[in-house]
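Please look over the sequence and the model below before reading on. The paragraphs that follow lead through the aromatic side chains.

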Amino acid sequence: MSIGVVDVGSKPYSFSFIAKRLVKVGEYVIVDTDEGRALALVEDSTVSSQVISNAMSYESAVEGSRAASENPRDKRRSASAKVLGLVEELKRGYAKIPSVPSIPGTEVYEADPSTLTSIFARDGWLKLGTLLRNSDVSVGVDPNKIASRHLAILAATGGGKSNLLALIAKRIAELNGSMLILDYHGEYSDLNLPGVVHIQAKVNPRLLDVEELAGMLDVRERAEKQRSVLHRAFTKEVKEAGDFWGELVRRLEEISSDEEEDAQDKRTAERLIEIIQRALRRKGNVLDPDIKDPLDQLQPNRINVLNMLELTEAQADTVISYYLDRILEDRKAARRISLEEKDAGQVKFSSPIIIAIEEAHTFLPAGDATNKTKSIAAKIAREGRKFGVALIVVSQRPSRLDQDILSQMGSLAVLRITQPKDQSYIMESTELLSEELGGFLPSLNVGEAILLGQWVVLPSMVRVEKVAEKLMGADINAVEEWAQAARLKKVAKESTADFIRME
């Protein structure tokens, strides 16, 4: 169906057209060129009135609007579109931009569902939703690009990024793929997918250095004396002892009871014993000296969710960096074994793995700030493709993400972004998001996304499918929870009163 004609000033890669109806941003249109039919994405849409534009006052504007309503020729509806490629080439999976522009006056058509389906819903791709402006057309993404070229999921809080990550996990699970979700806020603890493996983050203190151990015990960063005494007690014999904590405490007791020791060191050793006992009361299920290798908790060909809700930011940094480093080394070993045609049973992951980092702006901060996770994640962003280790970074504050790492993401899923600073930062960090599409981000609704980069054939504006298997992520129903707490309190009082009467 024709919806307009090409305006003057068209270019091979973009054109404007005068439309017979209002055109929605995100619609796909087709236009003829000398090299064949081309598909284009509407990036801007305007409507103007000659009568209203000439109004000099409110009264004349009101009169003008009445006159304009009776004159359909007064309205000028126009739109600008970005040419995405020739249709036949797009159906074959690659984009070829025509070398000549469309002639002014050429008719512009709505893209029909069958053409769009042949482009966006390819065999073997993962279905993530439907086109925002055409719910009859499914949109898929290339799983091989997710597993090799890295992906960033960026959205304001409540924009739907955790649902999208859960959907990707669901699709990867359907392929028997390997995935690890580093879940800092415990947001995926109820993810109920077939075969999903929920893991409580554990750390073997024997594998830590003294600074890492101090951090895990919540020894303050500036408590240099405590860290110094801990360093003296945290010996090779302690690391190899059968009773790790007992031996560490015994070493500290030796310092505290040694009459030749400095009085301050003795008090510090006593204080450290209290700190250790407190840490074991609070985090005994996390600090496990009997676990051989935390990597053994993960299972290949499954979706693994590592719950780090009980960890502080610094402790989570230690845990995440450990897993990233160990998985990268494991995949390097798998690569060597593959080249040497040896038995792959010596490695944990004999096939590619995808690692998703939630709250990525916390662990991959922008600027000069450094931490262990940022260092190893940057290495994976650069080299992971060669060894089958892919990153998915998820963040609600893109402007706080490390720009180098963000620039390494070959694919983007951008949901609703309201902060201008975040929008600008994304466009500065990647060439995938045009200024026109970036300007559309604040108007996206929850669950609507723009998919860009190597995992899609074309920039796609999508309504993401809702994942029923993920319960958490919605806002807390405070009113309901308060009411329930009040009911429970009332029941407790009545039960106590009944008990007193019985006595």
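**Aromatic rings and their partners**

F244 is buried, with a relative accessible area of 1%, where buried means under 20% relative accessible area, exposed over 50% and partly exposed in between, using a 1.4 Å probe and protein chains only. This is a predicted model, in which local features need pLDDT of at least 70 and side-chain atom pairs count only at pLDDT 80 or more, while totals for chains, interfaces and linings use all residues. Residues are numbered from 1 along each chain as its sequence is written, and side-chain values use heavy atoms, with hydrogens and water left out.

Rings of Phe, Tyr and Trp (its six-membered ring) pair if their centres lie within 6.5 Å, and planes under 30 degrees apart count as stacked, over 60 as edge-to-face and the rest as tilted. By this rule the count comes to six aromatic pairs. One of them joins F15 and F17, a tilted pair with 6.0 Å from centre to centre and 45 degrees between the planes; both of these residues, F15 and F17, are buried. Another brings F234 and F244 together, and because their planes stand at 85 degrees, with ring centres 6.1 Å apart, the pair is edge-to-face.

Like F244, F234 is buried, its relative accessible area being 8%. Ring pairs link F234, F244 and W245 into a cluster.

Charged side chains also meet rings here, a charge sitting over a ring if NZ of Lys or CZ of Arg is within 6 Å of the ring centre and within 35 degrees of the ring normal. R37 lies over the face of Y109, at 4.9 Å from the ring centre, and R122 lies over the face of W125, at 5.9 Å from the ring centre.
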